[in-house]
Amino acid sequence: MTVEYCWRNGIFIAGHGENTVTGNHIVEDCFTQHTGLSGILACGERPELPVSPTDPFRTRHITIRNNEVTQTNVVTDYNDTITNSFGEPGGVGEAITVANSVQHVYVYGNNVHNSRQYGIDFKNHVVDGEIHGNRIDRVIRYGIYLDAGETDIRRISVKDNVVTHCRAGIVLSREEDDDDSGDGLVFEDIDIDNNTLAHLSRIGIHFQRHPSKDQQDIGHIRRIRARLNTLYNTNTDGFYRDLNIDDWATFGTNLAGQPIVDGIELRGNIAWNPDGDMWMRANVADDARFTVVDNFNVADGQTTGIDPLFKDPLKGDFSLQTGSPADPVIRKVRLLLTSA
């Protein structure tokens, strides 16, 4: 099915009513383009309405598979008076959006390209989901974004995706309200595995403490694991960070006196820029909440790395050549994860 030239969303799935669950939705092999908001949106409650971590899941069992989504958040008669984060008219959604009380959602093998705002975004009370095997290219802002919002994101797997020519590759954040004073804000059990992030203007992986929307020490961020990801040429602007995780080190304890951040792991990741210079914020060496081990060229500050010898990175082949200095590290981590 082709859906194009829509004032708002292209394909829209939503729950309805109190304690109502809709399920078993499959959006497959569709082409959406030129939409004023998201190309594909699946939500429990409508995105403009508030939800909480205790709200019922109004939408369950969503599969969004093998679709092509392009030209989202363009200027239409609906949004020509709305201003996006760049101060321009246009939509403020994502190419593929999952939001507001959704459980069991699977986003597989989609091709997202040449679009405004974000590529794939899970936000606000999304639990038990997978973002696997998608290709995201030339999206103005983030390729993949996980945002707890004012509520929670739990048990999400982000695996085998390729993100290229965006501002940022994978970003995890909490955009909670300034007046949120509870401890229901939860970000936990997230696995980011074997993704390729290349030719990005500002950053490859960012564990972000939102500079204007997450300044309270509340809730939890725990068991977040980034393993076996490849970062290549991920700061082409030259004055940002290829990887930034120590934003989360600034969190303290929550209202219950518990540490907000715990169980953060980076293991088996490779970083390389063609000029050999990388700039990172990973200053967590003495912080027991973080485990940063068995990575290649992942170090705090501005450093000169060692070429891992990818086979043909200009053509998108990031497998390692025979004799790669990164190979022993990667083999060690793969064996560890296989035997775990």
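Asn297 sits in the loop between strand S27 (290-293) and strand S28 (301-304); strands here are DSSP runs of E with at least two residues, helices are runs of H or I with at least four, and both are numbered from the N terminus. What you're looking at is a predicted model, where local features need pLDDT of at least 70, side-chain atom pairs count only at pLDDT 80 or more, and totals for chains, interfaces and linings use all residues. Residues are numbered from 1 along each chain as its sequence is written, and side-chain values use heavy atoms, with hydrogens and water left out.

Asn297 has a positive phi of about 65° although it is not a glycine. Most residues other than glycine have a negative phi. With a relative accessible area of 16%, Asn297 is buried (buried means under 20%, exposed over 50%, partly exposed in between, using a 1.4 Å probe and protein chains only).

You'll find Arg223 in strand S21, which covers residues 220-227. Its relative accessibility is 35%, so Arg223 counts as partly exposed.

Now zoom out. The chain has one helix and 30 strands. Its radius of gyration, taken over C-alpha atoms, is 19 Å, close to the 20 Å that the globule rule (2.2 Å times the number of residues to the power 0.38) gives for 340 residues, so the chain is as compact as a globular protein of that length. Along its principal axes, the C-alpha trace spans about 55 × 50 × 40 Å. Of the 340 residues, 56% count as buried.

Finally, have a look at the aromatic rings. The structure holds 10 aromatic pairs, where rings of Phe, Tyr and Trp (its six-membered ring) pair if their centres lie within 6.5 Å; planes under 30 degrees apart count as stacked, over 60 as edge-to-face and the rest as tilted. In Tyr142 and Tyr145, the ring centres are 5.0 Å apart and the planes are at 80°, so this pair is edge-to-face. Tyr142 and Tyr145 are both buried, and together with Tyr118 they form one aromatic cluster.
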